[in-house]
Amino acid sequence: MCGGCFSPPTAQAATPPTPTIAAKGGYVMNNGTAKTLFTKAADTRRSTGSTTKIMTAKVVLAQKNLNLDSKVTIQKAYSDYIVSKGASSAHLIVGDKVTVRQLLYGLMLPSGCDAAYALADKFGTGTSRAARVKSFIGKMNASAKSLGLKNTHFDSFDGIGNGSNYSTPRDLTKIASSAMKNSTFRAVVKTKSTKQKVTTKSGGYRYMSWSNTNTMLSSYSGAIGVKTGSGPTAKYCLVFAATRNGKTVIGTVLASTSATTRTADMKKIMDYSFKK
């Protein structure tokens, strides 16, 4: 008898082929070890769209003595901004009093640029709204610097930049990985939909219903976040994370060709990364 005739193939079968993605850039790492699992133009700077809001939330949650239940009164400037930019909205209503926690849901689920503005106005410092917003964006950049990121710069609180709002798949993944250390952030980004009771101007209340733009929460086994993004320059972006069998994998695709394609890109490189 031939002793080795029926031994199964080993190394070749264990290494899946590296997937091809439509996105111009991609990066995946093991969230526990920070080991790189997939890379494609991972350090090329690109517009990030609303994935910028991961840093917006991170800066808010890093504030000293943060009270998530403190209330913010919605200003007309926030709704005017949404209209002027044709921006994604949490449909916040002027005069309503909304908690910081609720604003984080409005920021991350429907990708509300009005919620982003409200948070920047609340947590920036200065005597004018413009000064507070500038200060908040400064905190976003300081946070990126503290993470040692060399290819990230923010010039907006929501991703609607003025030409110098950029990051890379690797940097965005690191920002998200850092943000995911916060339990409130984790709770928000894994929420598929929420109904929040807010106080109206007259002292009554209304309910705000928000659904998450991140469809991978429903379509990918083990998905736990993180954030979609899109825009004329950014194209279609997605920062994503999933846990399977105790292993958490986190990554980013930037500049994919459509919402459907970015999801397909994510599934390909996540499946590949879980096998590595």
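Q: Which residues are exposed on the other side of α3?

A: In this predicted model, Lys76, Val83 and Ser84 are the exposed residues there. The label exposed is used for a relative accessible area over 50%.

Q: Which residues of helix α3 are buried?

A: Helix α3 runs through residues 76–85, and Tyr78, Tyr81 and Ile82 are buried in it. Buried stands for a relative accessible area under 20%.

Q: How do you know where the buried residues of α3 fall when seen down its axis?

A: Looking along the axis of α3, the buried residues fall within an arc of 100°, so they line one face of the helix. Among the elements that cover these buried residues are β4 (71–73), α5 (113–123) and α6 (129–146).

Q: What follows α3, and what is its phi?

A: Gly86 comes after α3, and its phi is positive, near 60°.

Q: What makes α5 count as mostly covered?

A: Of the 11 residues in α5, 10 are buried. They are Cys113, Asp114, Ala115, Ala116, Tyr117, Ala118, Leu119, Ala120, Asp121 and Phe123. Their cover includes α2, β4, α3, α4 and α6.

Q: How are α5 and α6 placed relative to each other, parallel or perpendicular?

A: The two helices pack at an angle of about 95°, and their axes are 7 Å apart. Angles of 65 to 115 degrees count as roughly perpendicular, and α5 and α6 are therefore roughly perpendicular to each other. On the α5 side the contact is made by Tyr117, Leu119, Ala120, Asp121 and Phe123. On the α6 side it is made by Arg129, Arg132, Val133, Phe136 and Lys139. Sorted by class, the contact of α5 with α6 has six nonpolar, no polar and four charged residues.

Q: How do you know whether α2 is parallel or antiparallel to α4?

A: The axes of α2 (residues 53–61) and α4 (residues 100–108) come within 10 Å and cross at roughly 165°. An angle over 145 degrees counts as roughly antiparallel, which means that α2 is roughly antiparallel to α4. The crossing of these two helices is left-handed.

Q: Which residues meet where α2 and α4 touch?

A: From α2 come Lys53, Ile54, Thr56, Ala57, Val60 and Leu61. They meet Val100, Leu104, Leu107 and Met108 of α4. By class, this contact of α2 with α4 divides into eight nonpolar residues, one polar and one charged.

Q: How do you know whether His91 is buried or exposed?

A: The relative accessible area of His91 is 58%. Exposed begins over 50%, so His91 is exposed. His91 lies in the loop between α3 and β5 (97–99). Its phi is positive, about 55°, although His91 is not a glycine.

Q: What joins Gly225 and Val226?

A: A cis peptide bond joins them, with omega about 25°. Val226 is found in strand β9 (residues 223–231).

Q: Where is Gly138, and how far apart in space are Gly138 and Arg244?

A: Gly138 has its place in helix α6. From C-alpha to C-alpha, Gly138 and Arg244 are 36 Å apart in space, and they are 106 residues apart in sequence. At 36% relative accessibility, Gly138 counts as partly exposed.

Conventions
Residues are numbered from 1 along each chain as its sequence is written. This is a predicted model: local features need pLDDT of at least 70, side-chain atom pairs count only at pLDDT 80 or more; totals for chains, interfaces and linings use all residues. Side-chain values use heavy atoms; hydrogens and water are left out. Axes are lines fitted to C-alpha atoms, for helices over the stretch in contact, and angles run from 0 to 180 degrees between N-to-C directions. Helices (H or I, at least four residues) and strands (E, at least two) are DSSP runs, numbered from the N terminus. Angles under 35 degrees count as roughly parallel, over 145 as roughly antiparallel, 65 to 115 as roughly perpendicular and the rest as oblique. A crossing is left-handed if the near helix is turned anticlockwise from the far one by less than a right angle, and right-handed if clockwise. Contact means heavy atoms within 4.5 Å. Ala, Val, Leu, Ile, Met, Phe, Trp, Tyr, Cys and Pro count as nonpolar, Asp, Glu, Lys and Arg as charged, and the others, Gly among them, as polar. Buried means under 20% relative accessible area, exposed over 50%, partly exposed in between (1.4 Å probe, protein chains only). The arc is that of the directions from the helix axis to the C-beta atoms.
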